[in-house]
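Reader: I've got a new structure up on my screen and I'd like to talk it through. Can you walk me around it?
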Amino acid sequence: MKVLNLQCAHGHGFEGWFASNGDFDTQLAGGLVACPMCGDTAITKLLTAPRLNLGNAKPPAEATAPAAPDAHTDSPEARWMRAVREVMDKTEDVGTRFADEARKMHYGEAEERGIRGQATREEARDLAEEGISVFSLALPPALKETLQ
Ligand SMILES: [Zn+2]
């Protein structure tokens, strides 16, 4: 069981749960690892060393989605919030049924769609071991409150 820190080409950071490093490599090669915020499959694995300076060699490319015109609030925080809200718009909140729903989709018992919800670490681990990708986003506290 591996929890990997991942980042897409647009600089969105997220955690991915995989059965193993090999499982991650296989899913990555198959284009199955996609950024939960923008769907980008150019995913890189971040080293977990906390003091590693990843730098800003390349500025995050603008997402292909039409850029919102609210440039005056275009701080990194605002962009992050916007990306998170976009994910929330595109996904169905299944709450604590997350693990059940993810499994049903994986086995073709439910329609494939974007879902979000809460899963315990045990549930996430079980899903990863069954080859089901689970991504976790650190939501800004302000959004977390509205999620409940
Ligand atoms: Zn992304």
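Reader: How much of the chain counts as buried?
Author: Of its 148 residues, 17% count as buried. Keep in mind that this is a predicted model.

Reader: OK, and how many helices and strands are in the chain?
Author: The chain has 5 helices and 6 strands. Starting at the N terminus, the elements run β-β-α-β-α-β-α-β-α-β-α.

Reader: Which strands make a sheet, and in what order?
Author: There's an open sheet of 4 strands, ordered 3-1-2-6, with antiparallel pairing.

Reader: How many bridges hold strand 1 and strand 2 together?
Author: Strand 1, residues 2–7, pairs with strand 2 over 6 bridges, in the antiparallel sense.

Reader: Switching to the inside. What makes up the largest nonpolar core?
Author: It has 11 residues: Trp17, Phe18, Phe24, Phe98, Ala99, Ala102, Ala119, Ala124, Leu127, Ala128 and Val134. Strand 2, helix 3 and helix 4 each supply at least two of the residues in this core. There's also a second, separate core of 8 residues, with Cys8, Val33, Cys35 and Ile43 among them.

Reader: What is Phe24 in contact with, leaving aside neighbours within four places in sequence?
Author: Phe24 is in contact with Lys2, Leu4, Gly16 and Phe18.

Reader: Let's do helix 4. Which of its residues are buried?
Author: Helix 4 spans residues 121–129, and Ala124, Leu127 and Ala128 are buried in it. They sit on the same side of helix 4 because they cover an arc of only 100° around the axis. As a rule, an α-helix has 3.6 residues a turn, so residues three or four places apart point the same way.

Reader: What do the buried residues of helix 4 pack against?
Author: They pack against strand 2 (13–18), helix 3 (98–106) and strand 6 (134–136). Helix 4 itself lies across strand 2 and strand 6, and runs at about 65° to strand 2. After helix 4 comes Gly131, with a positive phi near 85°.

Reader: Now helix 3, which residues are buried there?
Author: Phe98, Ala99 and Ala102. Their arc around the axis is only 95°, which puts them on the same side of helix 3. The cover over these buried residues includes strand 4 (92–95), strand 5 (115–117), helix 4 and strand 6. Gly108 follows helix 3, and its phi is positive too, near 75°.

Reader: Why does Ala19 count as partly exposed?
Author: Because it has 18 other C-beta atoms within 10 Å, and a residue needs 20 or more to be buried, or 12 or fewer to be exposed.

Reader: What does Ala19 touch, not counting residues up to four places away in sequence?
Author: Met1, Ala128, Glu129 and Gly131. Ala19 and Gly131 are 112 residues apart along the chain, yet their C-alpha atoms are separated by 6.7 Å. For the chain, 55% of the contacts between residues at least 6 apart in sequence join residues at least 24 apart.

Reader: Last topic, confidence. Where is it lowest and where is it highest?
Author: It's lowest in helix 5, residues 141–147, at a mean of 53, and highest in helix 3, at 93. The chain averages a pLDDT of 79, and 75% of the residues score at least 70.

Reader: What about residues 50–65?
Author: pLDDT stays under 50 over that stretch, and the model has 9 contacts for it beyond four places in sequence. Where pLDDT is low, the predicted coordinates should not be read in detail.

Terms used:
Residues are numbered from 1 along each chain as its sequence is written. This is a predicted model: local features need pLDDT of at least 70, side-chain atom pairs count only at pLDDT 80 or more; totals for chains, interfaces and linings use all residues. The arc is that of the directions from the helix axis to the C-beta atoms. Two residues are in contact if their C-beta atoms, placed from the backbone, lie within 7 Å. A nonpolar core is a set of buried Ala, Val, Leu, Ile, Met, Phe, Trp, Tyr and Cys residues joined through C-beta atoms within 7 Å. pLDDT is the predictor's confidence in each residue, from 0 to 100. Two strands pair if DSSP finds at least two bridges between them. Axes are lines fitted to C-alpha atoms, for helices over the stretch in contact, and angles run from 0 to 180 degrees between N-to-C directions.
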